[in-house]
Amino acid sequence: MENVLPAAAAPAAKKSPLALMERWGWLILAVLLLVVLPLWLDVFRLTLAAKYLSLGFCAVGLVLIWGYGGILSLGQGVFFGLGSYMMAMFLKLEAASNPDSSSGTALSAFFGGEGMPDFMVWNSVEVLPWWWEPFHHVGFTIPAILLIPALSAFVFSYAVFRKRVGGVYFSIITLALSAILAIMIIGQQGYTGGVNGINDFRTFMGLDLNNDKAKHVMYFITVVTLLGVVGIGTFILRSRLGKILVAIRDREDRVRFSGYDPAMFKAFIYAVAALFSAIGGALFTIQVGLASPSLVGIVPSVEMVIYAAVGGRLSLIGAVYGSLIVGSAKTLFSENFVEYWMYFIGGLFVFVVMFLPEGLAGLLARLREGKNRRENV
Amino acid sequence: MAQMILEVEDLTVSFDGFKAVDGVNFYVEQDELRCVIGPNGAGKTTLLDMICGKTKPTSGTIKFNRRELSEMLEYQITRAGVGRKFQNPSVYEDLTVLENLEISYPRKRNVLGSLFFRRSSEIQGKIESVAHQIYLGDSLGMKAGLLSHGQKQWLEIGMLLMQDPELLLLDEPVAGMSPREREQTAVLLNAISKGRSIVVIEHDMAFVRMIAHKVTVLHQGKLLAEGTMDQVQSDERVIEVYLGH
């Protein structure tokens with residue numbers, strides 16, 4: 001694509017430090033995640049990193065929809081949660097059907113609910129609900145994780161965008177959605193595990209998830225998938241569609257008169273972000289061994305926005321760093337002074353919004369620009 | 001009678017009982033360059049807003065090439081061949097001049113088409129020729145937000161040219177331009193009016209004289225007079241409401 005750019009555009013592209021960083025940043029990030037972290041961290045810390053990176057999928061999606069599409073969604077936890085719960089349902093059924101697993105199976109068998117998830121037995125649910133049935137099969141589960149959240153996001157957001165509801169109103173609707181889903185999950189304890197969530201899995205398609213090798217494998221799968229997702233995002237942003245998104249963000253009304261249906265484009269990118277979040281949710285559940293309403297509701301959804309904001313909402317790679325940095329900070333804080341965490345993250349968000357509107361990526365760009373200027377003088 | 005490209009009949013829109021446009025009949029022929037003048041609040045911009053779909057009329061019909069526009073959405077009207085330039089230059093400031101023009105190219109305007117869009121040499125050539133025509137041939141790589149006010153006006157006209165519409169609606173295309181830029185714009189409009197119809201709203205009478213084939217005068221939402229510049233300027237009622245003071 002670069003070679004057809006007119007001569008006038010070339011120096012401008014070269015000078016933009018953000019573009020430079022996006023180009024080399026990809027390689028630096030790959031080396032950091034694939035080489036440095038696995039060599040440096042023990043298995044426990046590496047699994048923690050994998051956990052933050054799973055949330056990073058949502059942050060990458062937020063860069064697309066918020067940074068470039070101008071759609072601030074405070075409900076990415078919904079799609080993360082859908083992916084996470086669907087994976088948890090599969091893992092739970094696998095655990096329940098495995099007689100060697102200690103996953104409450106003996107108890108289930110005692111109560112006559114063989115092959116049933118333990119929490120259903122405790123909640124006197126006697127027959128597996130019909131919508132749990134297909135999750136016996138990995139051939140259904142994985143396509144479902146890839147399709148259901150994305151399709152629901154598309155249908156929901158297209159209906160809203162078509163009515164020309166946007167901006168802060170859209171944010172409020174998504175905020176409400178994440179609250180509703182969390183409340184529903186908590187309320188339907190017999191079918192969803194309620195406030196405890198779904199946990200206590202041992203294997204994923206026969207692979208024992210608790211040994212170190214499996215954890216390493218899952219970590220690498222997460223990293224490669226995340227880099228792939230960043231690659232897809234980069235491809236979208238560099239395409240004509242990416243330019244149209246920026247145009248919609250800045251002048252949605254004008255875009256209609258360029259002959260585009262903005263609602264369709266916004267719904268598409270929203271669905272892509274939902275897909276990313278769902279993948280992150282599924283990977284999270286495999287590695288952390290948990291699907292919980294506390295990862296669906298308002299607080300995690302807002303935290304994902306903070307990851308993107310800290311990393312830089314115009315930088316896909318920045319979102320990954322943001323997730324790692326804020327996630328690590330969260331762990332550090334909760335290991336030492338847990339009660340101050342909420343104040344810290346609130347303060348961090350205010351600080352970033354006020355002083356670093358383009359996050360760490362923007363800060364880096366500014367530093368580089370300053371250096372260039374000094375050198376040119 | 002020449003072929004009509006646009007037939008607006010009995011068009012009315014009221015905002016909370018105030019009739020901004022009131023029973024207007026307005027016809028534009030093919031290849032015509034029409035100027036619409038009138039004092040502030042005469043309903044000129046509202047008339048264009050209704051033709052391009054930005055405002056829905058209360059009653060009346062708008063036929064473009066015999067197709068009724070008033071039921072269509074903005075992007076459908078644009079695809080049917082109507083281009084609109086707004087009063088304040090509306091360009092995509094965070095994109096380059098080249099990207100602004102490329103986005104306006106009237107193909108691949110669906111999601112998948114735009115995702116896998118590749119700039120062919122044909123499109124590149126069209127972008128360069130339009131950029132040259134709007135005096136921005138050397139600024140293709142520049143962010144549109146950095147252009148001067150007058151250049152933004154030209155860029156927006158260029159974006160319309162990329163769309164290749166049959167009917168161009170221009171709202172005050174020379175507002176904020178220097179006398180030199182006004183002349184260049186008049187040359188530009190005369191050049192692009194070949195093979196398409198243009199409706200221009202303008203306050204600058206000297207500019208209207210440079211370009212107009214026919215002039216329509218609106219006043220308080222109603223059609224006051226229509227004819228050549230000379231006819232309109234000698235019309236008693238027009239002198240009274242508009243030109244006189």
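Modeller: D250(A) counts as partly exposed, because its relative accessibility is 37%; buried means under 20% relative accessible area, exposed over 50%, and partly exposed in between, with a 1.4 Å probe and protein chains only. The model is a predicted one, in which local features need pLDDT of at least 70 and side-chain atom pairs count only at pLDDT 80 or more, while totals for chains, interfaces and linings use all residues. Residues are numbered from 1 along each chain as its sequence is written, chains are lettered from A and ligands numbered from 1 in the order in which they are written, and side-chain values use heavy atoms, leaving out hydrogens and water.

D250(A) forms a salt bridge (a side-chain nitrogen of Lys or Arg within 4 Å of a carboxyl oxygen of Asp or Glu) with R249(A), and the closest N and O atoms are 3.0 Å apart. R249(A), at 25% relative accessibility, is likewise classed as partly exposed. Over all chains, the count comes to 26 salt bridges.

Across the interface of chain A and chain B, 6 salt bridges are found. In one of them, E74(B) is paired with R256(A), with 3.9 Å between the closest N and O atoms. E74(B) belongs to helix α2 (residues 74-80) of chain B and R256(A) to helix α11 (residues 240-256) of chain A, so this pair joins two chains; helices are DSSP runs of H or I, at least four residues, numbered from the N terminus. E74(B) is buried, at 6% relative accessible area, and R256(A) is buried as well, at 7%. K243(A) also reaches across, forming a salt bridge with E99(B) at 3.4 Å between the closest N and O atoms.

The contact (heavy atoms within 4.5 Å) takes 32 residues from chain A and 41 residues from chain B. On the chain A side, R240(A), R254(A) and F257(A) lose the most area to chain B, together 28% of what that side buries.

Within chain B, E93(B) and K152(B) meet in a salt bridge of 3.4 Å, N to O. This pair links distant parts of the chain, 59 residues apart: E93(B) lies in the loop between β6 (82-85) and α3 (97-103), and K152(B) in helix α6 (residues 149-163). E93(B) is partly exposed at 32% relative accessibility, whereas K152(B) is buried at 15%. Finally, salt bridges that share partners join R164(A), E252(A), D253(A), R256(A), K266(A) and E74(B) into one network.

Technical notes. Buried area is the accessible area (1.4 Å probe) that two parts lose on being put together, summed over both.
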